[in-house]
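Welcome, and please have your viewer ready. We will go from one selection to the next and look at what is there.

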Amino acid sequence: MVCIRRATVDDLLAMQACNLMCLPENYQMKYYLYHILSWPQLLYVAEDYNGRIVGYVLAKMEEESNECHGHITSLAVLRTHRKLGLATKLMTAAQAAMEQVYGAEYVSLHVRRSNRAAFNLYTETLGYQINDVEAKYYADGEDAYDMRKNLKGKQIHHHHGGGGHAHHHHGAGCCSGDAKEAEDAKATSSK
Amino acid sequence: MASKFGLAGGIPERRVRPIWDAIDSRQFKNALKLLTSLLSKYPKSPYALALKALIHERMGKPDEALTVCLDAKELLYKDDSSLMDDLTLSTLQIVFQRLDHLDLATGCYAHACGRFPNNLELMMGLFNCYVREYSFVKQQLTAIKMYKLAGEERFLLWAVCSIQLQVLCDKSGEKLLLLAEGLLKKHIASHSMHEPEALMVYISLLEQQSKYKDALEVLSGNLGSLLVIEVDKLRIQGRLLARARDYSAAVDVYKKILELSPDDWECFLQYLSCLFEDDSMWKFFDDIDQIHPTKNIECKFSHLTEEMFDSRISSASELVQKLQRDTENSNLRGPHLAEIEIEKRKFLYGKKNDSELLKSLLQYFLKFGHLACYASDVEAFLQVLPPHKKAEFVGMLVENADSVSASATTVLGQTTTILKVQELTGNIFELPLGEIEASAVKLAKLYCQNLPLSKDLDPQESMFGEELLSLINNMLVQLYWRTRDFCYLAEAIMVLELGLAIRGHVWQYKILLLHIYSYIGALPLAFERYKALDVKNILTETVSHHILRQMLESPMWVDLYNLLQDYLKFMDDHLKESADLTFLAYRHRNYSKVIEFVLFKQRLQQSNQYEAARVEASLLQLKQNADSIEEEERVLENLKSGVQLVELSNEMGSRTLRFNEDMQTRPWWTPCPEKNYLLGSFEDFSYCPKENVNKDREENVKRSIQRKSLLPRMVYLSIQCSATALKESLETKGSGGDLKTCEELKSLLEEYTKTLGSSFSDAVEMITEISQGARTFETLGSDLVDWLNFAVFWNAWSLSSQEHWHVLNMLFERLILDRIKSMGSSEMSSCYSDVQVLVQIITEPLAWHSLIIQACTRSSLPSGKKKKKAQHSDHLPSSPMSQAIKDSIHSLCSTVQEVSNWLLNKINNPEDDQVERFLTTLKRNEGPGQVLGVLESFIATSEESEVGSRIFESLKTWSKADSARKTVTAQQRVLREFLQICESKRKLLEKLKQQMTHV
């Protein structure tokens, strides 16, 4: 429902305001910025008819064991706007971008064991499956389900990196620019 | 020159690794030990020195760190054969940055790049340095060099971004954009383009120059395929077509988007704008400066004939009907809301279709009225209606609400919605008292009836009827306001506290409570509720307005200090670290985000709250130390004698201030921190929607910052003036004070009065007349404390005038004693706003005046060692000024004593009695108390099987008496804190009195 659009940096103010209203987790500002500056294609907000941000999804790319995959970091919808299908729309948008922009093979997420509403959304509506249980994953000691969903794993549509120049990448992080290149390499070698 | 494999800064990696490990695990002593042995082998290695500097810095020895860093830098510059690799430079960079010497780090990289002009790694480091400094021109030049060297697309884009930033932030000439466009064109011609983000930058560059047609060509050409998500591409296309005024083509594109996503509201509005050839929407999108931008867009129709309007509106209707048919089985609201939008446009055009508009709103209610979002969905439509139509609409809703056939949740939802619409339209303020009361009772019953629905919900899930308690609270507060019967407020507290006991996470309850507790002076409890909101990070910027102002006007200095520190630390850290994050976006080639992020940083930097908080933090220190002139002088020294703050004050006029606070979460009675309707009377009230409160605030906030940032300097100058005044008056009967200091103080006083909207001479006349009783102090309005501050510094500027001393004494006496008299024996709950003013008078103007007296007496006393033995022989003859000081001390002393007495009287009132009184107000047979009655009888009769164990438990453990006691205790604490301040002032004045007996 409503306009699901990519988040801008300015949206961070309203996105964190959502957190005040619906999530016990409240990430550091830097964490949000890290996401939006690294994988801006994976952040979506639900903007309601009067221009308010009423939900958002925060996601990132991760690369472990040669499988480039996406990870949903956070999903929030205002209590006043629940049961309208917003969460599904946000998730679908982020998953599509993971697949189409970054060529992700699967997407993972964590959910509190006690959060039945979210668990149902992930399993029944969105088709996630339990991959593992992570004991005491949350700060308050609660366990998390590690859940996964396979994406179609389409090949990515764009190429960059301009003719085999060596790129310089500093330190930390995975995916993003680097991952895109890794995918490029894969795509080239399979041709 | 660059680091070879296995070598770090010319030193074998295996020797360096343990040092880094030790640093990372914070074993700095160990790191230093290892480093010393490394240095003995490589005494001239800049890298080893850089590491040493890093360790020193981490150990909290900034001076040593800087010295070592400078040594390393000198070695780098001097020794041609020395290693100049990125590792050494980046290590130095880290230390320099932490020591706030970005310029030195940049210097090192610039030097290195000069020496090795073809080293890409070093150039990247240099680029990064310029990013940290926000030096966009230098960024551009460096990126171009890198592009020329390596030919990589990303470096070109770095340069283009740097150019865009110059235009956006430095307001450089737009000709630069042409240069950037040329560069990109040339690159595309030879290398094409490979990244979607690069394409976005290219398009935005063309858009910035209004070259919409060119942008469209690019988008529809080969490069367009870089955008893989179809709707994204269409949106850009539609926007470009609209801006190129090719409206019919734009309409087709928007139709296509709507068919793909029929619920895209923004797209629908853009579709309508294009249909009506109206460009006002785009202007609107260029100007968003609120956390929740309003989308109540003005519509322009004047250029359309009626015939044109009719034909276009009917094609819009057709599209909407088609969308409704296509989405019949889903619960999409967009297509139905679109129907209302069409009626609204007709209405604004002058079609006199108000009944159709109401009908469409009612239709929407019948479909979605049970949803929590109904009221906010229709808010913008209701605003165009005249008041009597709004009232009519509420009537229609009541009539049509389904109370028979519908499920319990639908009835609950619809009832809640109707109340929210009543609030939204201001209709609720027109109802008679009895009706409001009856309505509140009805809602309370509804809440109780529906509790069983939430029996099996997870504790973090929203409860059925959760909003009812907020609505009840809003009504009770209104009832209090209109009747001044405190019982309603007490009842409101109980309702919300019970609500919190049942559902601990509901932020609305916490915010409402916070404001009620603030109003009745139970500030510690208000602060507790605020803390329960878990405000962190950027929320300190958007949410702390709820509590900040009350804390600033309170005696709760410790909590205030923490509040300010937490906020300022977050903002300072963010502004310091954000440049590092900017580079993250460059590195990940998210160019559009680079621009957004730099603009976002600017937005935070220009935050009005940030500026104000910085000034307040300085003032708080001054207030806290004002009882000891020596301590105060130390604080002033740290504040550079207030010089920087005066500069801030001077600049404030031309500064842009941004308002990032989220005011929409505030309760109706205090739509912004400066306003509280409860302090005025109901009769003077005219309901205004909460929207855009920030617009009116800008002037006031600016002036207040301007004014307050002059204070530290005025305190400083006054002390300087006073230091010599008495002695001089005793010795030479001169006018006192150093001439230059006096002149500066005078000019600041002139500035200060300007911010009060007055001239210096008018201001003097005003305070003189008030002191004589020729004018009432109501004339001073809400700036009363500021006027008193003026009077204090005006007296300090002219200490030799006995008359001025007298005016000041009278002002203090009048303003303080009148207030005490009017408070009389009232309960704290009804007179806290007076207490707040007293707190401010005692902790600001009175504190500054006592400081001035301290400065005067200090100078008249024999100093240091000779003090004791020379005490009696050093007696100075009395002068008119010393007499004036004595009189002033005497007057202040007895005035402060009066305040203390009043406070003691309150504090000595046994707590149990107060709790009892609080509770008795709630026990009445008619009028207030009924809502609580409903809730209490439900608690008494509810059963576990009915509401579930969790809710049952909360109902049974909640205690009215507990809540009452907590409120009373909190109020008492505020009084005690204030008493402590008063007592400390009184002791100081007694001491000064003693000292003056020797003069």
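Start by selecting Thr582(B): this residue is buried, at 2% relative accessible area (buried means under 20%, exposed over 50%, partly exposed in between, with a 1.4 Å probe and protein chains only). Keep in mind that this is a predicted model, where local features need pLDDT of at least 70, side-chain atom pairs count only at pLDDT 80 or more, and totals for chains, interfaces and linings use all residues. Residues are numbered from 1 along each chain as its sequence is written, chains are lettered from A and ligands numbered from 1 in the order in which they are written, and side-chain values use heavy atoms, leaving out hydrogens and water.

Now widen the selection to helix α30 of chain B, residues 557–587, which holds Thr582(B) (helices are DSSP runs of H or I, at least four residues, and strands runs of E, at least two, numbered from the N terminus). Which residues does Thr582(B) touch, not counting those up to four places away in sequence? Show Val131(B), Tyr134(B), Val594(B), Phe597(B) and Val598(B); contact means heavy atoms within 4.5 Å.

Finally, colour chain B by pLDDT, the predictor's confidence in each residue, from 0 to 100. The chain B mean is 89, and 92% of its residues reach 70 or more. Over residues 1–5 of chain B, pLDDT is below 50.
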